[in-house]
Amino acid sequence: GAGGARSRRIIASLAAVALLATILAAWGWLRSEPEPRPARLDLALGAILPFISDVAISPDGSMLAVAGTLGAEQAIYLRRIGESDFQKILGTDGGIRPSFSPDNEWIVFRKVADNSLIKVAVTGGQAFTLVKSAAPGALEAHWGTEDQIVFSSPQGVHTVPAGGGPAQPWAKAGGRQPFLLPDGSGILHSLGGNVSVLDFATDSSTLLIPQARHASYVATGHLLYIAEDGGLFAVPFDLGRHRVTGSAVRVLDRVAATNVLRGYSVSRDGVLVHHEGTSNLAAGGGGETVLLMMDFAGRADTLRLPAGRRVLPRFAPNGRAIVFEYVDPSRSGASDIYTFDLVTGTSTQLTFDKENDHDQPTWSPDGKRILFNKDSVGEDLYIKPADNSAAEELVLTLPGNQRATAWLDDGTIVFESFEANDADLLTYSLTDKGKPRPYLEAPWNEFGLAVSPDRKLVAFLSNETGSQEVWLRTWPVAEGKWRLSFGGGGGSGGVAGAPRWSRDGRYVYYWRSGAPIDTLFRARVDRAPGVVVRSAERVLTLNTIDITSWDLHPDGNRFVVA
């Protein structure tokens, strides 16, 4: 659903393929017993590139699983501790975020193309769909008890029977990486940068640990969690009363957690697998970014801005300025819109309510106004002068969430509408101010539209085939249809995203997400006698923060990227 469109904005991967497996020393000293010497060893993943995935260890400590890409196959790979190599689990193609069942016999995972929740035996074979993409769509799952699985989704936290059945929403739980307590009494969840527990019996949520994320319950009677500085901590926890009962102790100094990755996994007998490195939680769950001005040869200049997290940059039509979102590190990911003048080097804040979360600010054709969305009941569309000379103006309100994607010179805006878990593309005339008109509506997601310079074609993203690809259609009436990317990009997996047209309209540029590196491609589009799409060619590779956080300069010779 909408999470399919959102997922392109939040793509994160392990920065390296070396992790650490540790016999957790806390098992001894948390019980006031003599401290054992932890046995540490490097865990090599070989040629597997992790893809939006922690390395998960099975409850009995006998198996490791990771989602990644090996050659051209993106799937989930399994290694038994007594073996040296990871092997693909049949039936997990396109899967990420694996979680073992308590009996070690199954794995549940998210299929990245449509956010469905799937389970398959660790030995491979037939896959069973537990949650379809439209109801409500899954992000991360934890198989906490024999018969229940908890998962996060764009619509909140849900539980679903492990044997199949309707998903149960829990409105008072939220955030990413929920954890189902082993007695089935509640859910640990991270909301607003704090760890809380939802009690099933009372349907109430209680704050447990401030400024923390990604909590897990372990058999010693403790919660493990990631602090804002990236350290792994343990604190005593009363499972029956859902209370923290003592002081926290630091277990590890460095765990490379992100907003969407725990960075660690632990078995029942205390084997801890973690990604050793710097946490990326500090700035509202994402860490600092730099904005680079680059050419296609890879030469780059860093824009001179204070330290912080800036995403989703877009050029003004004259190329003189950019607009972007700044994520406030003190507000758990809330963001506001700023402009930056590339000539004078001055930055101007446009919004001040920290409600512009994961939108795409869009310039007017004359470069004098900014179109953006803001949370109210849903996310509605607003316009404000780029020079702050007047207050913002509400221009369109609809059920669900709206995202601006283009503003044409005839006063037409194109926007994505997220309702009923699908992303559709609609148009609205700022001149006539009538009803919005659908451009593309389908049971799958269609979003990320870019209009060609001659206004005759559009490039956009769709998961119609089960994977997120770039497509072309005619404009303003969607008649023709041509696929531009294959296999998520250059034919080697990943997610394709963020198409942009060259100045002359002959090429479409787009990114393919990867781990640990992303790739920029371009595909030539010929027009005579009909539309012909040529094979995509690789332009360059780069470790972006998010493949949607880029834009092509109007001169067509350079680009800005986070």
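**The nonpolar core and beyond**

Guide: In this predicted model, the largest nonpolar core has 18 residues, and those with the most contacts inside it are Leu78, Phe100 and Ile107.

Visitor: Which elements give two or more residues to this core?

Guide: They are strand S5 (63-70), strand S6 (73-80), strand S8 (95-100), strand S9 (106-111) and strand S10 (116-121). The largest share, three residues, is supplied by S5.

Visitor: What does Ile107 touch, leaving aside residues up to four places away in sequence?

Guide: Ile107 is in contact with Ala65, Leu78, Ile89, Pro98, Ser99, Phe100, Ile118, Lys119, Val120, Val122 and Trp143.

Visitor: Let us turn to sheets. In what order do the strands of the four-stranded open sheet run?

Guide: The order is S12-S13-S14-S15, with antiparallel pairing. Strand S12 (141-145) and S15 are the edge strands, each pairing on one side only. From one strand to the next, the twist averages 30 degrees.

Visitor: How many bridges join S14 and S15?

Guide: Strand S14 (residues 156-161) pairs with S15 over three bridges, in the antiparallel sense. Val157 has Trp170 in S15 as its bridge partner.

Visitor: On to the backbone. Where are cis peptide bonds found?

Guide: One joins Trp475 and Pro476, with omega of about 5 degrees. Pro476 sits in the loop between strand S43 (469-474) and strand S44 (481-483). Another joins Ala528 and Pro529, where omega is about 0 degrees. Pro529 belongs to the loop between strand S47 (518-526) and strand S48 (532-533).

Visitor: Why mention such bonds?

Guide: Most peptide bonds are trans, and most residues other than glycine have a negative phi.

Visitor: What is the phi of Gln177, then?

Guide: Gln177 has a positive phi of about 55 degrees, although it is not a glycine. This residue is in the loop between strand S15 (168-170) and strand S16 (179-180).

Visitor: Is Gln177 buried or exposed?

Guide: Gln177 counts as buried, because its relative accessibility is 8% and the cut-off for buried is under 20%.

Visitor: And what about Lys433?

Guide: Lys433 is not a glycine either, and it has a positive phi of about 55 degrees. Its place is the loop between strand S39 (422-429) and strand S40 (437-440).

Visitor: Buried or exposed, in the case of Lys433?

Guide: Lys433 counts as exposed, because its relative accessibility is 56% and exposed means over 50%.

Key: Residues are numbered from 1 along each chain as its sequence is written. This is a predicted model: local features need pLDDT of at least 70, side-chain atom pairs count only at pLDDT 80 or more; totals for chains, interfaces and linings use all residues. Side-chain values use heavy atoms; hydrogens and water are left out. A nonpolar core is a set of buried Ala, Val, Leu, Ile, Met, Phe, Trp, Tyr and Cys residues joined through side-chain atoms within 4.5 Å. Buried means under 20% relative accessible area, exposed over 50%, partly exposed in between (1.4 Å probe, protein chains only). Contact means heavy atoms within 4.5 Å. Two strands pair if DSSP finds at least two bridges between them. Axes are lines fitted to C-alpha atoms, for helices over the stretch in contact, and angles run from 0 to 180 degrees between N-to-C directions.
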